[in-house]
Amino acid sequence: MTLTTKLLTSFLIGFTFICSAQMETYNYKRTLTNVNDEWHQFTLPIAVFGKLNSDLSDLRIYGTTENDTIEAPYFLEVLSDKIVHKSIPFKIINKTKSDNNYYFTFQLDSENTINQINLNFNDTNFDWKVGLEGSQNQKEWFTILEDYRILAIKNEATNFKFTTLEFPETKYRFYRLIIKHTVQPELESAQLSKHEITKGNSVKYLIESLKTKEDKQLKTTTINAELELPIALSQIDIDVSNSFDYYRPLKIEYRSDSTKTEKGWKYHYRTITSGTLNSMEANRFKFGNTIAKYLKITIYNSDNQPLTISDFTAKGYEYRLIGRFTEPADYTLVYGNPSARQPNYDINKFKSKIPKDLKPLKVGAEEVILKRGQQKVTPLFENGYWLWAIIGVVIIVLGGFTLRMLRKG
C-alpha cells in the first residue's frame, strides 16, 4: 500500500468517524424510507416540536452507507396562508351632506376589482352605521353594504378601532360611502384594495385541559390551557357566548420556563401577542409560529362583568421538509441538539428550480440515539450470549448430576 493510499484511507476513516460522532450530538432519530429520487418531501411529525430548539435549528438529515455518512440538504416550508393585498389607486371627488347622512365618493383611476376599504378618521371615539354603494356612471347606484357598523374607542385602558369595510368582490368605477351621523366625520384617508387569502394547511390541536379563573380584585379573567403536546402554534380562536357588545384588552402568553422553590414550582411566561376581544368581529388572534404546550390568556374586564367563554381553539400550520438526496444511502432525520446552529444550504437560494411534484417519504417512529460508550439495556434473555451461557451452565449441571448418579449406581 502506497503512502498516498494510506493517507486517503486514513482521511476517509477519520471523516466517517467525525460524521458518525456528529450524529451522536443529537438525541433523537427517525428513519426515512422510500428514498428513490433526487428530491423528496415529508411532513414534520407533530411530536417532534417538543424536542426541537425554538428556532427549529437542530433538524438534520443524514445518510449512512458502509463506508460513509453524508448530510442531505433541505429547506423547511411552513404551509401557512398566502395573503396578497393589492392597493387600488383612486381619488375622492365629492364630500356632501343630506339630512343626517354624509357622503364621500371615491373614483378609481381604472376599472379594478376590490373587496376591502380601510377608513382612517381623525375622530377618536365614535360608533357609527355606514353604507356603501357602487356605480359605473354616478347616476344609478347599487347597494354593497347597509347598516355596517364601525367603531373607535380611545381612553386610558384601550385604543381600539374597527374601521375596515369587507364585502364580496365588486367592480365599479365609483364608490359612495354613506355615514349616518349628525356631525360631519373627519375622514383623514382611505385605502381601497383587493385582499386575497389562499388557505394553507392548518391543524387544529387537542386541548388537554382548560381552566378559567376570575379575579375580582384585579378585574381579570385568566384562561389556562394545556395542549396534548408541545406544538408550533400560530392562531388562537376564542368564542364568547354573550350577546351584548363588548371590547376587552387581552394578552396571550406561553410558559417558557419553570423554577422549583420551597413553595413549589414557579412558572415563567412570555407574551406571544396582545389584542382586543370584541363583539365586532371574529376573535381570531394570529401570531408568529411559537412552540408551546401551556398557554395563559388574560382578559382585562375593567368594571364590566366577566365574559362567558364558550369555546377555545388552538391552531397551527403543517411544516414540510423538502430534501435533496444525491446518493443511495440509509437516510435518517435527527433532532434534539440545543447547541446546533441553523444550517446554511445552497438549495435555499434555488427554490424555483425544485420540481413541483415530489414523492413523499415515510417517516418512522422516534428512537433515542445512543451515545458512544452508552450501552443499550436489554432484558436478560433478549441477549443471545447470556442465553447460550445459561444453556451451557444447565448442560454442565445436568451432566455432572448424571455422572454422579452413574458412579453411585
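## Cores, strands and pockets in a predicted model

The largest nonpolar core of this predicted model has 32 residues, and Leu 165 and Tyr 175 have the most contacts inside it. Two or more residues of this core come from each of strand 8 (101-108), strand 9, strand 10 (126-135), strand 11 (142-154), strand 12, strand 13, strand 14 (174-180) and strand 15. Strand 11 gives the most, with seven residues. A nonpolar core here is a set of buried Ala, Val, Leu, Ile, Met, Phe, Trp, Tyr and Cys residues joined through side-chain atoms within 4.5 Å. Buried means under 20% relative accessible area, exposed over 50%, and partly exposed in between, with a 1.4 Å probe and protein chains only. Strands are DSSP runs of E with at least two residues, numbered from the N terminus.

Let us look at Leu 165. Leaving aside neighbours within four places in sequence, its contacts (heavy atoms within 4.5 Å) are Asn 115, Gln 116, Ile 117, Leu 119, Val 130, Leu 145, Tyr 148, Ile 150 and Leu 177. A second, separate core has 27 residues, including Ile 61, Ile 322, Phe 325 and Leu 361.

A word on the ground rules: residues are numbered from 1 along each chain as its sequence is written. As the model is predicted, local features need pLDDT of at least 70 and side-chain atom pairs count only at pLDDT 80 or more, while totals for chains, interfaces and linings use all residues; side-chain values use heavy atoms, leaving out hydrogens and water.

Now for strand 8 and its partners. Strand 8 is largely enclosed by the rest of the structure, because seven of its eight residues are buried. Strand 8 pairs with strand 7 (residues 90-98) in the antiparallel sense over eight bridges; two strands count as paired if DSSP finds at least two bridges between them. Lys 95 has Phe 104 in strand 8 as its bridge partner. Strands 7 and 8 form a hairpin with two residues between them, and Asp 99 in the turn has a positive phi of about 55 degrees. Strand 8 also runs antiparallel to strand 14, joined by seven bridges, and Gln 107 stands opposite Phe 174 in strand 14.

Elsewhere, an open sheet of four strands has the order 5-23-2-25 and mixed pairing. Its edge strands, each pairing on one side only, are strand 5 (74-78) and strand 25 (359-360). Strand 5 pairs with strand 23 (residues 319-324) in the antiparallel sense over five bridges, with Tyr 74 opposite Gly 323.

Finally, the pockets. On a 1 Å grid over the protein atoms alone, probed at 1.4 Å, a pocket is an open set of points with protein on both sides within 12 Å along at least five of seven lines, and lining residues have an atom within 4 Å of a point. A volume is the space filled by probe spheres set on the points, which are joined across faces, edges and corners.

| Pocket | Volume |
|---|---|
| Largest pocket | about 630 Å³ |
| Second largest pocket | about 370 Å³ |

The second largest pocket is lined by 15 residues, with Tyr 254, Arg 255, Ser 256, Ile 291 and Ala 292 closest to its centre. Strand 21 gives the most to the lining of this second largest pocket, with five residues. The largest pocket is lined by 18 residues, and Gln 116, Glu 166, His 195, Ile 197 and Glu 281 lie nearest its centre.
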